[in-house]
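Please consider the structure shown below. The paragraphs that follow lead through it element by element.

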Amino acid sequence: MTALLEIRDLHASVGDKPILQGINLTINAGEVHAIMGPNGSGKSTMSYVLAGRDGYEVTGGDVLINGQSVLEMEPDERARAGMFLAFQYPVELPGVGGMSFLRAAVNARRIEAGEEEVDQLAFVKMVRAQATKLGISDDMLKRAVNVGFSGGEKKRYEILQMALLEPTIAVLDETDSGLDVDALKIVSDGVNFLRAPERAMVVITHYQRLLDHIVPDYVHILSKGKIRKSGGKELALEVEESGYAGIDDAA
Amino acid sequence: MAATTETIEQLEQATGKYKYGFVTDIESDKAPKGLNEDIVRFISAKKDEPEWMLEWRLKAFARWQQMESPDWAKLNIPPIDYQDSYYYSAPKQKEKLASLDEVDPQLLETYEKLGIPLNEQKMLANVAVDAVFDSVSVATTFREELFKAGVIFCPISEAIRDYPELVQKYMGSVIPVGDNYFAALNSAVFTDGSFVYIPKGVRCPMELSTYFRINEQNTGQFERTLIIAEDESYVSYLEGCTAPQRDENQLHAAVVELVAARDAEIKYSTVQNWYPGDENGKGGIYNFVTKRGVCRGDRAKISWTQVETGSAITWKYPSCVLQGKDSVGEFYSVALTNNMQQADTGTKMIHIGEGSRSTIISKGISAGKSQNCYRGLVQMQPQAENARNFTQCDSLLVGDRCGAHTVPYMVSRNPTAKIEHEATTSKISDDQLFYCLQRGICEEDAVSLIVNGFCKEVMKELPMEFAVEAQKLIGISLEGSVG
């Protein structure tokens, strides 16, 4: 069986600085993988490289979705192919109405798939249904994208977008950062609700606490641009106990 | 002979009803090249104008001859040879096409993107428009309805003949013939334009649009528009053609005068998309326009909303003279320049009346190698007790080869008057762009979304049907500005 996402000996640089130094990872549909690691280990870089952001240059290796390399694809093409990145720091778009933004995103995927564009009324209903689950108010939906949102609201809004776009691969970059306990619960419930046999998730986090809520099938420890250790969910607890010190030598 | 007959037929088709003693000599359709007193007399005679109108034109021409082309704007204007132009020619007729199938598909694609209705597309592409649509159904219905309400809406040449007392009273009362170089030129040689009169207490039952007028007659390069709103009346006027004008470098020097009496309101909206020239700056319209409104009466209100995306060079400052007590002036502007376009645009708010208020919201977007300048004057006269102004001036840069400039002038001669000015300059950030791309939105759509968001405060001032078009227009005008 072809893996949904396969990362092969991936090397990447930002500017002249090599950050990722040979990452190997195979993720099958239905699985949730956690990537843990200390600050500066390359976690966020990995998420940007997967999404194809400008300035993050792949210097070696490959990234395959369903066996097809995506390195030549633009970020928007990858997104329409089913890749979703929940941002650590969601970006404000002043004046851009939330509804028109969400609809543009949903329609872009539909057009790609050869489907009809979503009807406006049906779309509003669809968004409201998802928003209610995530505790997102109508008022928040009317505002400009991420403008004036609190940290927790921004993260919930990311999960709302994920729910609407129904990606096959979701990468969540430090979705827990800046969240209090209640917000963490709402966001985690939202993510858990989206776990599905046809969908894979990559949960990037610094702390183990998120993984109490979103329980992963596999945990990988990333340090200095390489995966140093992999294991089951118990590996996260190990890290919680003894910290990241010593991990580098383990590989 | 055959050619002559054909020309008349074409003219009749173009003008709908050419009834003013057309001379069959084909040579006389067009005045000789150049500009002199005889040409001014020729135009006036062609228009069958009364003596007073001719004198007015000649006075303007005399003034113009003594004036210099203004050079204070941040514009690089190549010298214009005024003797190398035609100032009167019968509406230029391209060959009429039988159906849309014969029209350049690229042109149709653009219309499609703009969402221009099919019949309008035909008209713009010079396809003979179904007479039922053109002159009977639409035109007649709106004419009847307006007539019932007592509203006058007609070509200005018709108004000069049919309502001379109104025209004499108001024309040039807001923008005198010698106001500026281009206004003087317009006053001498204007050939077309609209006239609107809203009687006391009447709320104009529909949005008036030049589109209806274009149906009747092709508008000229030197348009002159005069709108008069009597006490307690209201009118919303839409001007603009969102079709690309494919043409050589051409001077478009229009004059628009608005007069709002006590408790009257005039809302004037423009979407301007004249041909901007190609990406190397070849061709395009010089859009040198003088627009001014005066709030004569107490609590009168004049609101200018403009979306300027076209023209090679724009020189335009729609202004308000706030004479009446508690009168209100508003200016909402989006000016977008791309490639080699230049724009120097803004407004003047002259506060005279006690308690007069004005709001200026200007959004400038520069892309490509273009230069975009906001220039605005807020002036508080000594009588303007407790007058207030709020100005917000935002510039957005797309790419790193363009320029944005803000030149606000503020003059306060009354210590109780308040003037506020806020300004920002920003760029579309890589973060914003990547965020949109990551949601599957392609780069052009992403830029269009972000820019439209930036302009939102102005766009919401446009009448609904215009707003949708204007939004699309912004997307189209930005094409090729990224990547």
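Two strands are taken to pair if DSSP finds at least two bridges between them. By that criterion, strand β1 (residues 5-14) of chain A pairs with β2(A) in the antiparallel sense, over 8 bridges. The model discussed here is a predicted one. Within this pair, A:His11 stands opposite A:Gln21 in β2(A). The two strands, β1(A) and β2(A), form a hairpin with 2 residues between them, and A:Gly15 in the turn has a positive phi of about 65°.

In chain A an open sheet of 4 strands runs in the order β2-β1-β4-β5, with antiparallel pairing. Because β2 (17-27) and β5 (68-69) of chain A each have a single partner strand, they stand at the edges, and one side of each is left without a neighbour in the sheet. For β5(A), the antiparallel pairing with strand β4 (residues 56-65) of chain A extends over 2 bridges. There, A:Ile65 stands opposite A:Gln68 in β5(A). In a regular strand, side chains alternate between the two faces of the sheet.

The next topic is the contact between the chains. Chain A contributes 21 residues to this contact and chain B contributes 18 residues. On the side of chain A that touches chain B, the elements giving two or more residues are α2 (75-80) and α3 (98-112) of chain A. The largest share of that side, 5 residues, comes from α3(A). By class, the residues of the side of chain A that touches chain B comprise 14 nonpolar, 2 polar and 5 charged.

Within chain B, a helix pair may be examined next. The axes of helix α3 (residues 51-65) of chain B and helix α9 (residues 181-189) of chain B come within 7 Å and cross at roughly 145°. This crossing of α3(B) and α9(B) is left-handed. From α3(B), the residues B:Arg57, B:Ala60, B:Phe61, B:Arg63 and B:Trp64 meet B:Tyr181, B:Ala184, B:Leu185, B:Ser187 and B:Ala188 in α9(B). The contact of these two helices has 7 nonpolar, 1 polar and 2 charged residues.

Finally, is B:Leu258 buried or exposed? This residue lies in strand β7 (residues 255-260) of chain B. A residue counts as buried if 20 or more other C-beta atoms lie within 10 Å of its own; B:Leu258 has 32 within 10 Å and is therefore buried. Leaving aside neighbours within four places in sequence, B:Leu258 is in contact with B:Val174, B:Ile227, B:Ile266, B:Tyr268, B:Gly293 and B:Ile302. The C-alpha atoms of B:Leu258 and B:Ile302 are separated by 8.2 Å, although the two are 44 residues apart along the chain.

Technical notes
Residues numbered from 1 in each chain as written. Chains lettered and ligands numbered in written order. Predicted model: local features only at pLDDT ≥ 70, side-chain atom pairs only at ≥ 80, totals over all residues. Contact = placed C-beta atoms within 7 Å. Nonpolar A, V, L, I, M, F, W, Y, C, P; charged D, E, K, R; others polar. Axes fitted to C-alpha atoms, helices over the stretch in contact; angles between N-to-C directions. Left-handed = near helix turned anticlockwise from the far one by under 90°. Buried ≥ 20, exposed ≤ 12 C-beta atoms within 10 Å, placed from the backbone.
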